[in-house]
Amino acid sequence: MATHRLQLKQTGATSWVSEPISVGAGGFRVASLTIGWAAVLATAGVLSVEGSDDPSFTAWVPLTVAASHGTWPNVAAGASSAMVVLSNCPGYLRLKYTRSAGGAADQFSVYATLTE
């Protein structure tokens, strides 16, 4: 098992994507992502997960999340968190936030746990 803390604090004031997470390419099959965010007035946006087998990280494809917990995929003004579990993962994953309103610096924390 490997646990990675990704981009310790990520802004909520703009859209963003996390650094690539080596899942299948690192010998793992399952990824569990936990995302937490602080309460910031007027925050609104949507979270998603993308996957790729491209080691140059050029081609990314939206992935279907079959198992989620907490507040997924919508982010709102209240503090909350979400967890998604993905199995049979591609080589690489990344988390994406598409902002539609509000947000502040250092609003998001992202964690990933990878298992076989």
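Where does N88 lie? N88 is found in the loop between strand 9 (80-86) and strand 10. This report returns to that residue after describing the model as a whole.

## Model and confidence

The structure is a predicted model, in which local features need pLDDT of at least 70, side-chain atom pairs count only at pLDDT 80 or more, and totals for chains, interfaces and linings use all residues. Residues are numbered from 1 along each chain as its sequence is written, and side-chain values use heavy atoms, with hydrogens and water left out.

The mean pLDDT (the predictor's confidence in each residue, from 0 to 100) of the protein is 91, and 93% of its residues reach 70 or more. Confidence is lowest in strand 1, at a mean of 64, and highest in strand 6 (residues 61-62), at 98. Where pLDDT is low, the predicted coordinates should not be read in detail.

## Overall architecture

The protein has 11 strands and zero helices, and its pattern along the sequence is β-β-β-β-β-β-β-β-β-β-β. These elements are DSSP runs numbered from the N terminus: helices are H or I with at least four residues, and strands are E with at least two.

For 116 residues, a compact globule would have a radius of gyration near 13 Å, and the protein agrees with this at 14 Å. That radius is taken over C-alpha atoms, and the globule rule is 2.2 Å times the number of residues to the power 0.38. The C-alpha trace spans about 40 × 25 × 25 Å along its principal axes. The accessible surface, from the Shrake-Rupley method with a 1.4 Å probe and, for residues, only the protein chains shown as cover, comes to about 5,700 Å². Carbon and sulfur atoms account for 56% of that surface.

Of the 116 residues, 36% count as buried. Buried means under 20% relative accessible area, exposed means over 50%, and partly exposed lies in between (1.4 Å probe, protein chains only). Among contacts (heavy atoms within 4.5 Å) with a separation of 6 or more, 81% come from residues 24 or more positions apart.

## Aromatic cluster

How many aromatic pairs does the count give? The count comes to six, where rings of Phe, Tyr and Trp (its six-membered ring) pair if their centres lie within 6.5 Å; planes under 30 degrees apart count as stacked, over 60 as edge-to-face and the rest as tilted. One of the pairs joins W16 and Y97 in a tilted arrangement, with 6.0 Å centre to centre and 35° between the planes. W16 lies in strand 2 (residues 16-17) and Y97 in strand 10, so this pair ties together parts that are 81 residues apart in sequence. Both W16 and Y97 are buried.

W37 and F108 also form a tilted pair, at 6.0 Å centre to centre and 45° between the planes. This pair links distant parts of the chain, with W37 in strand 4 (residues 30-37) and F108 in strand 11, 71 residues apart. W37 is buried at 5% relative accessibility, and F108 is buried at 0%. W16, W37, Y97 and F108 form one aromatic cluster.

Q10 is in strand 1 (residues 2-10) and is buried, with a relative accessible area of 13%. Leaving out residues up to four places away in sequence, Q10 touches W16, D106, Q107 and F108.

Q107 occupies the loop between strand 10 (92-101) and strand 11 (108-115) and is buried at 3% relative accessibility. With the sequence neighbours up to four places away again excluded, the residues that Q107 touches include Q10, G36, W37 and T43. The side chains of Q107 and T43 are joined by a polar contact of 3.1 Å. Such a contact is a pair of N or O atoms within 3.5 Å; within protein, one must be able to donate a hydrogen and the other to accept it, and residues adjacent in sequence count only if both atoms are side-chain atoms.

## Backbone features in loops

Most residues other than glycine have a negative phi, and most peptide bonds are trans. A cis peptide bond joins W72 and P73, with omega about 0°; P73 lies in the loop between strand 7 (67-70) and strand 8 (74-75).

A42, which is not a glycine, has a positive phi of about 70°. A42 is in the loop between strand 4 and strand 5 (44-52) and is partly exposed at 47% relative accessibility. N88, also a residue other than glycine, has a positive phi near 50°; N88 is exposed, with a relative accessible area of 58%.
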